Amino acid sequence: MTTLVTGGTGKTGAPLVKKLHDAGHSVLVASRSGFAPEGVKGIKLDWTDPSTFENPFNADSNIDKIYLIPLDTTDTLTAVKPFIDLAVSKGVKRFVLLSGSPGEIGGLAAGKVHEYLDGLEGVEYAALRPTWFFENFVTSLLPSLRDEDEIVTATQDGKIPFIAVDDIADAAVHALTTPKIENTDLLILGPDLLSYDQVAEIFSSVLGRKITHRRVTVAELSDILKGYGIPNDIADMLAILDGTIAQGAEEKHLSAENKYIGKVHLADWVEQRKTLWNKA
């Protein structure tokens, strides 16, 4: 049987595809481009284009499990529900949903998808809810960190158990391959609980120059994100999430029973990639 990995060339999808393929599992990679790494078949799947939804099942009739990365929007369920229904009709028996630590069942965005999966008959699922990615330091936070020697947030003294995508991929492999899913709602947390002040200290130590954490208000952060070209609703949501971190929203997850603790430490991860933050 085959596992379909949506977003299979992305942050979590790419390492997951490699881990599954290396372990001998049949994998089909879905992405907007249709690209796939050598040795793995790829097909085009675009959440904004329902005409592509049949593509995976036309390419492989043996798909029984799906790693589901939904569209990044505040109305996620509307976009992915037709695909989920189609997949079930084609014989898919297990979904592993990538949600996020703030995304409780029934909540915004992927939380609605989580709720929908929970209501399906005859289908297993797991909702993986990772906290904030290390990889944000080489994407959205890269320019200010590299060029301005600062990390700008509205988190104040709030702490986060940051997670590496490799750890998320490990959790996804287990959820996709275990004979029976035991935990349908799993928080994915890193081994270190850190404030952004402490993160700045780690970067300062590894990079050999002073990195600071610049504290701004939620409203100020929203304006900054919009200035980067991020859509208004997403910028507002991200800024609000920073505000919840300041209030302890991420730190509290460490006391939860439904958690998976990763192995990768931020200091080690930064050390392995430190040239990425070299100034031009």
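**Notebook: helices, sheet and salt bridges**

I began with helix 3 (residues 76–89) and helix 4 (residues 110–118), whose axes come within 9 Å and cross at roughly 35 degrees. Here an axis is a line fitted to C-alpha atoms, for helices over the stretch in contact, and angles run from 0 to 180 degrees between N-to-C directions. Helices (H or I, at least four residues) and strands (E, at least two) are DSSP runs, numbered from the N terminus.

I note the basis of the entries. This is a predicted model, in which local features need pLDDT of at least 70 and side-chain atom pairs count only at pLDDT 80 or more, while totals for chains, interfaces and linings use all residues. Residues are numbered from 1 along each chain as its sequence is written, and side-chain values use heavy atoms, with hydrogens and water left out.

**Entry 1: the helix pair**

I recorded the crossing of helix 3 and helix 4 as right-handed; the term applies if the near helix is turned clockwise from the far one by less than a right angle, and left-handed if anticlockwise. I then listed the residues in contact (heavy atoms within 4.5 Å). From helix 3 they are T76, L77, V80, K81, I84 and D85, and from helix 4 they are A110, K112, V113, Y116 and L117. I sorted the residues of this contact into seven nonpolar, one polar and three charged. In this sorting Ala, Val, Leu, Ile, Met, Phe, Trp, Tyr, Cys and Pro count as nonpolar, Asp, Glu, Lys and Arg as charged, and the others, Gly among them, as polar.

I next traced an open sheet of eight strands, in the order 3-2-1-4-5-6-9-12 and with parallel pairing. Two strands are taken to pair if DSSP finds at least two bridges between them. At the edges I found strand 3 (41–44) and strand 12 (259–261), each of which pairs on one side only. From one strand to the next the twist averages 20 degrees.

I looked at strand 4 in particular. Its link to strand 1 is parallel and made of four bridges, with V5 opposite Y67 of strand 4. Four bridges also pair strand 4 with strand 5 in the parallel sense, and I66 stands opposite F95 of strand 5. Six of the six residues of strand 4 are buried, a word that means under 20% relative accessible area, with exposed over 50% and partly exposed in between (1.4 Å probe, protein chains only).

Further along, I found strand 6 (residues 124–130) and strand 9 (residues 185–189) running parallel, joined by four bridges. D185 in strand 9 is the bridge partner of A127. Helix 6 (residues 165–177) packs on the sheet and touches strands including strand 5 (94–98), to whose direction its own makes about 165 degrees.

I also placed helix 1 (residues 13–22), which lies across strand 1 (2–6), strand 2 (26–31) and strand 4 (63–68). Helix 1 runs at about 165 degrees to strand 1.

**Entry 2: two buried residues**

I turned to L189, which lies in strand 9. L189 counts as buried because its relative accessibility is 0%. Leaving aside neighbours within four places in sequence, its contacts include T131, P161, I163, H253 and L254. I noted E251 at 62 residues from L189 in sequence and 10.0 Å in space, C-alpha to C-alpha.

S195 belongs to strand 10 (residues 194–195). S195 has a relative accessible area of 7%, so it is buried.

**Entry 3: salt bridges**

I counted 16 salt bridges, each defined as a side-chain nitrogen of Lys or Arg within 4 Å of a carboxyl oxygen of Asp or Glu. In one of them, K18 and D22 meet at 2.7 Å, N to O. Both residues lie in helix 1, four residues apart, about one turn of the helix, and both are exposed.

K279 forms a salt bridge with D149, the closest N and O atoms being 3.2 Å apart. This pair links distant parts of the chain, 130 residues apart: K279 is in the segment after helix 10 (266–272), and D149 is in the loop between helix 5 (142–148) and strand 7 (150–153).
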